[in-house]
Each structure stands twice: as C-alpha cells, then as structure tokens.
Amino acid sequence: MAALTLRPLSPQLLVLAKAECNEQETERENFIVNLQTWINKSPHLKAPTDELLLLAFLRRCRYSQEETKRRFDNYYSLRGVFPEVLGSRQVDDALLAQHQRGLHIIPARPVGPNGPRVIISQFKQIDSKKSNPREAFKLLFILLELLALECDNAGIAGLIYVIDARDVSMEQMMQYDPFLLKKTFSLVDQCMPLRFVEIHMINMRREGVAVFNFVTKFLPSQLPWKFMVHKKSEDLYEHLPREAMTIEYGGTNGYQAEALDYWRQQLEAHRDYFAKDTQYGTNEKLRVGLANAWSSGELSGMTGSFRKLELD
C-alpha cells in the first residue's frame, strides 16, 4: 500500500488536534484506509476517497468511525435533494467570474498559528441579473471544501463566518427563502466536514430585520455555534482580533484582492477535482439497511423556531 500524502502539523496544531479532534498522529493513516475500504465496499455510495477530504471528516467527528461514516454518507446523500447547491460544481468561467466579484473572501492567514480560519460573505456582491442566492451558496460550499482539503487550521480549529449585510437590498433579502436556509442549515450541521465555531452578522439594515426573522423562523432555536449580530463592523473587534480580518474592514490580514487571487488559483488548480464531482452521490435502491434521512423525508419535515433578531 502506498503511503498517504498527509501534511505534517506544527507543534501547536498537533496539540490542538489531539485535544479538539482526538487525533493520534500515528493512527491517522489507519483510520483513513479503513474509511476508503468502507466507501469502496458500500454499494449505494459513489464518493471520492481523497485522503485529505477523509481526514477533514475524521477531525470533524473526533475520529469516531461511525459518526464519520454517517456524516460522510449524509454529505453525498444530500445531493439528491439539494442539487441547486451541491450539483454541477464545475469550475467554469461563470463560477470564476462570480468569485472575482468578491462575494466570499477567505483572508490570507488564520486567527493565530493554531486558530480558526475566517470566511467573509458580502452578499451585496451578487449580480441579481446573472446569479441568485443558490449560486452564491454553491460557490461558498465549493470554497469550504477547498479549505477542508488545503487548510489544517480549518479542519482542526474550525471556521469563523462573517456575513456582511451592508447594502443588501430588500429584493435580494427576499430571495433567501426558508426552504433554502433549512437545507443549508442541514448541510452545515449534519453533513459538511468543517465546523463553524462562530457566525457574526454585521451591518444589518433595520428594515431587513423583519425579513431575516421570517426566513429564519424555521431553523432550530438552539444553534450548535455562537451566533452574534453587530450593527457595525467595528463591533466585530470585541470578539475577533484585527489581524483576523482584511484591511478593507480595518484589519491587518491582507487585501481582499490578494485573497481573491489566491483562491482563484486554488479553484483553477482543482478544476479536475470538481469535474469528477458529477459522478458522486448515493443510489438508495442499493443501500443496505435503513434508508438515509434525506430520502425518507426527514429534511422536509424539519421545524424549529430560530430566536428573534432585534437591533437597538
């Protein structure tokens, strides 16, 4: 068996990986090989066996084999009911053009040597004539999968997500329907290989609060991450160091244009990786055992009551 090509960790990340992810460096390859064998022997599952992707799933699940299998299976099962975000993920000219608008920014460095990675979404950058929130989320989850492949900090320390609502029109807000957000929540909470540790919303317009409360009322009242709303971007620095954010936000973590250029290169470098993506998914007719929650209708029945947003 050929040796796996896993990145060595810094001493700080080694300690954090053991504490946060239950990772034993000497056991990583055995866990990955076991997962690869399980994928190849699962008749219903057509999925990649990339070792870096599997490593991210293992870390997300603290090396629980059963939890990792469940989350990985969910990730590819959900494609059948969420194709508008998880289907047709080719890195083509349209996707690269959307990326260059600055919709999602991943600053150059994590929050410290062993800290989480930050991703900033500026939804005002959606071109309403050529795109929509579903295309915006598709790009977001492509970038998050790239982070799972390329960044150990993201896999070990998690993600801090900053949503900038500045200049988002009421028309744009109304496009974020409850069913889209419900599926997106399921993808984040139960499927993807990275975990959010904090979500910050900044620059929310007062007239947008009613729309926000309506479209999120179907989400659970208890979220698995810290969620905070700030009237101004400056208030963010009560929770994050300035070196976490880009210079455009008053931080010191490089310019947005530099970040966009770097991740454009990463998208282009992974063009073949995502070209294979269309072949992946599940065939529930071939599944041995209980049907997956998505195919049995559990997702469509998910209800909740997201806490009401209030601004002073």
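Contact here means heavy atoms within 4.5 Å. Before you start clicking: this is a predicted model, where local features need pLDDT of at least 70, side-chain atom pairs count only at pLDDT 80 or more, and totals for chains, interfaces and linings use all residues. Residues are numbered from 1 along each chain as its sequence is written, and side-chain values use heavy atoms, with hydrogens and water left out.

Start with Arg 28, which sits in helix H2 (residues 28–41); helices (H or I, at least four residues) and strands (E, at least two) are DSSP runs, numbered from the N terminus. Arg 28 counts as buried because its relative accessibility is 6%; buried is under 20% relative accessible area, exposed over 50%, partly exposed in between (1.4 Å probe, protein chains only). Leaving aside residues up to four places away in sequence, show what Arg 28 touches: Leu 6, Arg 7, Leu 9, Glu 23, Leu 55, Arg 59 and Tyr 63.

Next, select strand S5 (residues 196–202): six of its seven residues are buried, so S5 is largely enclosed by the rest of the structure. Strands pair if DSSP finds at least two bridges between them. On to the partners: S4 (residues 159–164) pairs with S5 in the parallel sense over six bridges, and Asp 164 stands opposite Ile 202. S6 (residues 226–230) also runs parallel to S5, joined by five bridges; look for His 200 opposite Met 228.

Last stop, helix H10 (residues 178–190). Here 10 of the 13 residues are buried, so H10 is largely enclosed by the rest of the structure. Among those buried are Pro 178, Lys 182, Phe 185 and Gln 190.

Terms used: Expected span 1.5 Å × (residues − 1).
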